[in-house]
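Subject: Structure for your review

Dear colleague,

Please find below the structure that I am handing over to you.

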Amino acid sequence: MTGLPRREFLKAGGALVIGFNLRDVLLAQARGSAAGPPDARQIDTWLAIHADNTATVYVGFAELGQGTSTALLQIAADELDLGMEQVGSVRLDTNVTPNQGGTYSSASIARGGPQIRTAAAEARLALFEMASKRLNIPTSGLTVSKGVVSTVDGSKRVTYGELVGNRTFNLPFTGSAPVKKPAEYKIVATPVARRDLPDKVNGTHVYMQHVRVPGMLHGRVVRPRGQRAYGVGAHVTSVDEASLRSIPGARLLRKGDFLGVVAEHEWDAVRAARQLAVKWEPTAALPGSEKVYEKMRAAKTSEEVVLQRGDAAAALASAAHVVSQTARAPYQAHAPFGPNCAVADVKADSALVMCSTQDVYATRRTLAALLKLPEKSVRVQYYEGSGTYGHSCYDDVAQAAAFLSQEAGQPVRVQFMRADEHGWDNFGPAHVGEVRAAADAGGKLVAYEYHGWQHSWSGTEASAQLAGEAAVEFLAGPVQGVQGVNRLTCGGMYQVPNLRLVNHKLPVVEYLKAGWLRSPLDLSFAFASEQAIDQLAHLLGIDPYEFRRRNIADDRWLGVLDAAAKAANWTPRPVAAKRNGGKIVAGRGIGLGTHLQSWGGAVADIEVNAETGKVVAKHLYGAIDAGLVVNPAIVESQICGQLVQTASRLFHEEVTFDTTGVTSLDWSSYPVLRFEECPEVTPVVVQRLNERCLGAGEEVMAAAAGAIANAFFDATGVRMETFPMTPKRVLSVLKRA
Amino acid sequence: MTINVNGKASTVAAAPDTPLLYVLSNELQLQGPRFGCGLAQCGSCSVLVDGVEKRSCVTPVSAVDGKSITTLEGLPMWYAVTKRLARVPELHPVQQAMLDEQALQCGYCYNGMIVKAAELLSKNPRPDDAQIKRAMNGHLCRCGTYPRIVSAVRRAADMMLKASAVAR
């Protein structure tokens, strides 16, 4: 090593380094022992350099199984000039990690990436300046590779670890450091292997469901099988704790209508939850899944105009070609493969809750209010569960564990059973969509109108509601604004001079508890919208791909449309194939869509069995433009998953309920796509190195839904108005044709 | 009672009707088998019982008395024993192939996927895609990673055939 010995450097470093040691001690105490969020305006909040020349990056986003934890480290490593093997992260924890907002709306890379990139750039700049002083060489004469700063000729060198190892930067994060240009990236935009997978294949990865703490009881919730109308909730008429007498050690704990059982042994808790004699007040407040669309469509709503330009009504009245398309889309469940689980240790003046939330800080806020503790006295730690795809029961189970721990006076682990998760989910809401679209004789779109009926999300978790909290709508937070008609998926990709998008908002209290489900409502929107566009193409005798090309001006939309068509080797098919009388008819369709950002295009090849009504996707092609893609391999994997999940949602998934409550409570009554029906999938990443990073975890599903719907028409010559496209529905549509 | 898990005899305290899953998770702290449905519908809790895939969530611990249980953690050793390898590999070829294909997303279902695929390849070393899908059809993946699992099982079959060829 060259330059000043460390002791001398510390003396020479002046204000920047004085107090390192004291501050170090204080910071080490602070990280973990004091309530966060840590100060986002400090570099030390974002990263730490260790003596062994490695770095810890403090990431505020949850790994939801989509690979973003690897991609965010790629960004940090690249900007710091460290190798991937030199960077790591820590568990998401309200006492440790910064508050970057929740992990929703595909925000990890889009919103979190720039923050981490800028913080890393600023740390690198500071390290360069330290190295310059240490080596007595101007920064312009220094270069860095894998955390080793050296003179250009290599004669003098010092590592990051030697410069600040195990100490803090003690520097404000100003966001002013220049970041690298895409041409300088070494790790970003490369297919680095996911960091979390080795532990996941060998069984050492700790999922939330694995967490056990000393002195813990096992808990289960006791509720009616299947939630009732949100506004009605569930009320206990009678409960008999004596019914648990045959299970030694099992106890009933109660907070209003919130019932739970705890026991030392897990199997005893499971048995106790089944065995508890409890009667619930009867209710018949729901329309039932068969009649829900009627109720939604007939509801008196006030029209809320989302977007308007030109005069859609006038243009529709006078256009050469006008089409209309209806969509009825069911409630769908997140149905994480492993039901949610949480462990809580609630004491008189503090609480520690471990759960699989998308937002540790939001969960902390709610738990603190429910437990009547100051927010800073509650600590929430994130443990990955199985894929959640949005607001599954992770908050509900965390609240259940907290209530039971508070009542029991010791730590409690609550594992939701399959029927709890399936029955008490915040479902993706049902939707009725009506679209009218018009084109002139030359094949140019002239008008587009979308009316959407759906209710908002619920704001109170079942545990809280049963314990006495009011059923309220979900109003606040960063996910607001995606509870209604989406201006991007509903015609937003096309050049239409006259356009009107209208929301008909329904009161969630009259329906089922709801929340954001991966690409919220977009599958439903695209199912209606992209079929209408397709209808116009067929009416005009123009190939549906060509028709879309003619009506799109935006390069990004054209890019994904072309990429999907090219991958599928699309050839013009101007007239929909008519049913040929054969048993199996094949069809191909194309579609576009997205969520709040990015661009998605898809082509679907499907087969319809005209005798049984069974529809199977044979091959799905999905293209995404998410700007600069940090890890193309991970995004390809995301596209594949989105295509398969879309097929599952279009062909199988529907929450069923009667007038009392939800009746789809397991994988038999709520089937999902299986291996034998799984299509081939072809993912296409449209890489845009010079564009801003955007989300890629949900933005191709709408396009795929549109493509599948259009492929059905191509195969059969008839349009589906309702999904899932179950054999029964398909046969009834074919019979009517 | 005493149960034999991953080549070791372990004394467990659970009542005989306790599902094996809870015993493996809570008494033996194994993380491979995990709760998914408790109804034998999803495959999350799969283990091998005498080399045959079983759903531990509905198998009473008393039913495995005298039998040999292999969990995800024990698959490399089970592979070494059944293939008479000189040493235990770090991973079963199916585990390695899942990594090579970067097949996983959340990975929660992969306990069952890996256990089931290992069982399949122990019986049928050269399954075609249709056979793989048929064998795996009782295992659900909510992330939609089926296509990569099929590729990984194919890849694992190749790896195992090559290893056998070398051994001969």
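Two residues are taken to be in contact if their C-beta atoms, placed from the backbone, lie within 7 Å. On that basis, among contacts in chain B between residues at least 6 apart in sequence, 59% join residues at least 24 apart. In chain A, residues 24 or more positions apart account for 79% of the contacts with a separation of 6 or more.

Please note that this is a predicted model, in which local features need pLDDT of at least 70, side-chain atom pairs count only at pLDDT 80 or more, and totals for chains, interfaces and linings use all residues. Residues are numbered from 1 along each chain as its sequence is written, while chains are lettered from A and ligands numbered from 1 in the order in which they are written.

The two chains

Helices (H or I, at least four residues) and strands (E, at least two) are DSSP runs, numbered from the N terminus. Chain A has 20 helices and 24 strands. Its radius of gyration, taken over C-alpha atoms, is 28 Å, close to the 27 Å that the globule rule (2.2 Å times the number of residues to the power 0.38) gives for 737 residues, so chain A is as compact as a globular protein of that length. The C-alpha trace of chain A spans about 90 × 70 × 45 Å along its principal axes.

A residue is called buried if 20 or more other C-beta atoms lie within 10 Å of its own, exposed if 12 or fewer, and partly exposed in between, with C-beta atoms placed from the backbone. Of the 737 residues in chain A, 58% are buried; for the 168 residues of chain B, the share is 55%.

Chain B contains six helices and five strands, which run β-β-α-β-β-β-α-α-α-α-α from the N terminus on. For 168 residues, a compact globule would have a radius of gyration near 15 Å, and the 15 Å of chain B agrees with this. The C-alpha trace of chain B spans about 45 × 40 × 20 Å along its principal axes.

The sheet of chain B

Two strands are said to pair if DSSP finds at least two bridges between them. The five strands form an open sheet of mixed pairing in the order β2-β1-β5-β3-β4 (chain B). Its edge strands are β2 (8-11) and β4 of chain B, each of which pairs on one side only. Strand β1 (residues 2-5) of chain B pairs with β2(B) in the antiparallel sense over four bridges, and T2(B) has T11(B) in β2(B) as its bridge partner. Helix α4(B) packs on the sheet, touching β3 and β4 of chain B, and its direction makes about 30° with that of β3(B); such axes are lines fitted to C-alpha atoms, for helices over the stretch in contact, and angles run from 0 to 180 degrees between N-to-C directions.

The pairing of β3(B) with β4(B) is also antiparallel, over four bridges, and L48(B) stands opposite E53(B) in β4(B). Their hairpin has two residues between the strands, and D50(B) there takes a positive phi near 50°.

The domains of chain B

An automatic or database domain assignment divides chain B into domain 1 (2-73) and domain 2 (75-167). Their C-alpha centres lie 20 Å apart, and 16 residues of domain 1 of chain B are in contact with 15 residues of domain 2 of chain B. On the side of domain 1 of chain B that touches domain 2 of chain B, β3(B) gives the most, with three residues.

Where the chains meet

Between the chains, 44 residues of chain B are in contact with 42 residues of chain A. The helices α1, α3 (93-100), α4, α5 and α6 (146-167) of chain B each supply at least two residues of the side of chain B that touches chain A. That side has 22 nonpolar, 16 polar and six charged residues, where Ala, Val, Leu, Ile, Met, Phe, Trp, Tyr, Cys and Pro count as nonpolar, Asp, Glu, Lys and Arg as charged, and the others, Gly among them, as polar.

In chain A, eight of the ten residues of helix α8 (residues 266-275) are buried, among them W267(A) and R271(A). What covers the buried residues of α8(A) includes β7 (217-222) and β10 (258-263) of chain A together with α1 (20-27) of chain B.

With kind regards
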